[in-house]
Amino acid sequence: MEENEWNNMICVAGEGMISPLGFNSADTFRRVEELSADPSKESEGRLYQSHFGIPEPFFASLIDDKKLDNAFSTFSDTKFRYTKLEKAAILSADQAIRKSGINPSGKDVLFILSTTKGNVSLLGDLDGFEPERIHLWRSAELIAGFFGNANEPLTVSNACISGCSALIAGMRQLRQGRYSHIVVVGADMLCKFIISGFQSFKALSNELCRPFDKNRKGLNLGESAATMVLSKSDEAPKGSFVLVKGAMHNDANHISGPSRTAEGLLRCLTEILTETDKEDLAFINAHGTSTLYNDDMESIAIDRALLQNIPVGSLKGYFGHTLGAAGILESIISSYAVKEQVVLRSRGTLELGTARKLNVSVNQGVANGKHSFVKMLSGFGGSNAAILIKMI
Amino acid sequence: MEDLVLELKKKIIEVLNLEEVKPEDINENAPLFGEGLGLDSIDALELIVLMEKDYGIKLANAAAGRDVFKSVKTMADYITANRTK
Amino acid sequence: MKGLKIMSYCRITDASVIFYDREVVVYNPKDEDPWLLQIYKAKDIHYPKFHKMDNLCKAGFLGAEMVVNDDSQENKENWAVVTFNRSSSLDDDTSYQKTIENADNYFPAPSVFVYTLPNILSGEIAIRHKIMGESVHYITKEFSAERICEAFNDLASDGKIDTIVGGWAEYFQGHVDVLMLKVSVNEEDKQLLTINNILKLWKI
């Protein structure tokens, strides 16, 4: 790496997360590794009956409310009342900020919140919160405000690709030199509103989801908060991760059905990868929601981009689909995997069955000295995103 | 049966927001999906809701609906045979 | 001088639709049709999917329809859609909530749920005009010419996108507030995209 190239490097200076598998990245990753190595182990996801007042049962990975409340009250003695989403977001942001060593209240720091529905559960029951609390910008304000940051935060609400959209927006802010550090927080919490909606789409499976599998029946939902602190650095320490390039493209096809020829996702992949980049790919962390159409579409994009031999996997079998948190959560877990030189098992995948043949990691593998990965996502509204992330 | 066919046409127009279509425009034997009205996957899901809400018939998924929703006539036949409301 | 230029704009409020400084449609309180439908008919648009959209998408779609003014169905590879608002999809969220609120009348509506994401607006615009670059939706507390200007400029500075359709599209509690822009990188003698120029159009 030439010295003058450092100046444009967008580094992950810190990361953190709150998930059903662990209340920080290291614990969560350890649990993921355990589940990856041993297919007989059960995960935190389970079937809920009559939960959230929803008549139909659903399979999901939920964060224990009491556990989160305890963690938050141990962390802060604030008298201000935060929602579940805000608590998890703040805790994950705090972890990331501490690791990065930045001063979060600095004028040179911008907070970006990635969320699809924010505090939407308040629509059914305000629960003593003020009506404005439903607004996504209000949660963003409170999260940034907790850390004493006075810059107006930006909120990205771009369906399932929000996490990647937020990271790309952060990269651009840094390249323009407006800020020195960006705190990108992704969070979504499940509730009747969200789950009933996916049920009305008949998009859910009531068993563990099966990404890329011949018998896949739909997705599992999950909840999480995950944060990355991005900094422009000319001294990225060895072992740290860099966001090399990101791209987003719309299929221009249908608001809820992916393009049958993967137009948008293909453009994302070809835009972010040079031939040299492809040689260093340890794996592609796909969206892999386990719906019939999404997984087929991703297989077509990967195949058309001539990446069909690169190991592919989905993390939805560990976390479920965490909506606005997904892009950030899954990028962090993938970076931990690259650091350990592990190619995680695509949990839930048993027998391959997508439109095009892929090298899905049905078993856990090794990264063979490769240090990059692609995080890709697709979402409602026809949006697609892919980011190339590399370990220095 | 004729009443049900007309009733269905009106409901389809209302539930699927087909504002520029009148009941007379819909041929009861014409395909609803693909050509004809060119309905899509979300429309199919709304028809599943319609079946349950107005006629008490529960369809498990869109695939189960494929034959039922071939045309207004096939819908009417299915409803007549299976309605609980 | 080359730069990101405002090629066209459309301002929709509860009272009227303004396009290029002229009022092209005015709200008729005596018309039985709701305001957004009045605009659709007045502009002689034929796009049946319009009637399936929620209010936010209808409002933003109409603004985009005016500024793009291009029926060609060719893929616009170097175009992008970038939208902003304050209330996200709260108007449609409220409609969807009604379908699940009552245990005795519990029928979650998929055609309403699909619009409970604010970025569907950018998706509908992308589909209508075959826009295959980026599509993204941001939320801010208030209308922010600064944020709009930043987002458009940052996107264009990557070098891949030369035309952006977007701006502010808000529909909340029955009120419409839209400023749609079409901006392009070129040397034409048009207004530069600046915070002040955006504000001037907002205040029209």
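1. Two strands pair if DSSP finds at least two bridges between them. Helices (H or I, at least four residues) and strands (E, at least two) are DSSP runs, numbered from the N terminus. In this predicted model, V156(A) has Y138(C) as its bridge partner in strand 5 of chain C. Strand 5 of chain A and strand 5 of chain C (residues 135-139) run antiparallel, paired over two bridges.

2. Conventions. The model is predicted: local features need pLDDT of at least 70, side-chain atom pairs count only at pLDDT 80 or more, and totals for chains, interfaces and linings use all residues. Residues are numbered from 1 along each chain as its sequence is written, while chains are lettered from A and ligands numbered from 1 in the order in which they are written.

3. The contact of chains A and C. Contact here means C-beta atoms, placed from the backbone, within 7 Å. Chain A gives 41 residues and chain C gives 40 residues. On the chain A side, elements that each supply at least two residues include helix 4 (136-146), strand 5 (154-156) and strand 9 (241-250). Helix 6 of chain A provides the largest share, six residues. By type, the chain A side has 15 nonpolar, 21 polar and five charged residues. Nonpolar covers Ala, Val, Leu, Ile, Met, Phe, Trp, Tyr, Cys and Pro; charged covers Asp, Glu, Lys and Arg; the others, Gly among them, are polar.

4. Chain B. It holds four helices and zero strands. Its radius of gyration (over C-alpha atoms) is 12 Å, close to the 12 Å from the globule rule for 85 residues, so chain B is as compact as a globular protein of that length. That rule is 2.2 Å times the number of residues to the power 0.38. The C-alpha atoms of chain B fill a box of roughly 30 × 25 × 20 Å along the principal axes.

5. Burial. A residue is buried with 20 or more other C-beta atoms within 10 Å of its own, exposed with 12 or fewer, and partly exposed in between; C-beta atoms are placed from the backbone. In chain B, 27% of the 85 residues count as buried. In helix 11 of chain A, 13 of the 14 residues are buried, so this helix is largely enclosed by the rest of the structure.

6. E130(A). This residue sits in the loop between strand 4 (109-114) and helix 4 of chain A. E130(A) is exposed, with 9 other C-beta atoms within 10 Å.

Methods
Two residues are in contact if their C-beta atoms, placed from the backbone, lie within 7 Å.
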